[in-house]
Amino acid sequence: MKFLLSVIDAVSGSATADEVPAIDEFNAELVAKGYWVLAAGVGAPDTATVFDNRAGAGLETSGGYVSADEFVAGFWIVDVPSEAIARELAAAGSKACNRKVELRAFLN
């Protein structure tokens with residue numbers, strides 16, 4: 001089962017010197033257990049461009065598609081045997097990065 005663990009923050013790239021080792025340790029654990037698929041930090045919404053080419057509209061808009069104080073600042077994609085393990089990882093990821101983490105299952 002694949003899951004997306006989204007790191008919620010108000011700033012992109014905000015991990016402190018104290019948080020980086022905990023995140024690295026969490027990542028190493030994901031790899032060691034065979035759960036790791038992908039992880040990355042992402043730029044803030046003001047660095048985004050939204051494309052809408054429905055019906056050939058050809059629209060391009062600078063900035064994120066939604067205005068909010070918090071946003072997805074990074075993510076992990078994991079492949080685990082159960083939702084229970086995914087929930088444990090989301091809680092552990094939140095502790096490691098010291099941010100809120102949202103858990104979502106991939107659709108089959």
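In strand β6, R104 is the bridge partner of L4. That link belongs to the pairing of strand β1 (residues 2–9) with β6, which is antiparallel and runs over 6 bridges. Strands are DSSP runs of E with at least two residues, helices are runs of H or I with at least four, and both are numbered from the N terminus; two strands pair if DSSP finds at least two bridges between them.

A word on the source: this is a predicted model, where local features need pLDDT of at least 70, side-chain atom pairs count only at pLDDT 80 or more, and totals for chains, interfaces and linings use all residues. Residues are numbered from 1 along each chain as its sequence is written, and side-chain values use heavy atoms, leaving out hydrogens and water.

Now to the sheet. Its 4 strands follow the order β2-β5-β1-β6 in an open, antiparallel arrangement. At the edges, pairing on one side only, are β2 (36–41) and β6 (100–105).

Angles run from 0 to 180 degrees between N-to-C directions, with axes fitted to C-alpha atoms, for helices over the stretch in contact.

| Helix | Strands contacted | Angle |
|---|---|---|
| α1 (residues 19–32) | β2 and β5 (71–79) | about 25 degrees with β5 |

Stepping back, the protein chain has 2 helices and 6 strands, running β-α-β-β-β-β-α-β from the N terminus. Its C-alpha trace spans about 45 × 35 × 20 Å along the principal axes.

Definitions and conventions
Contact means heavy atoms within 4.5 Å.
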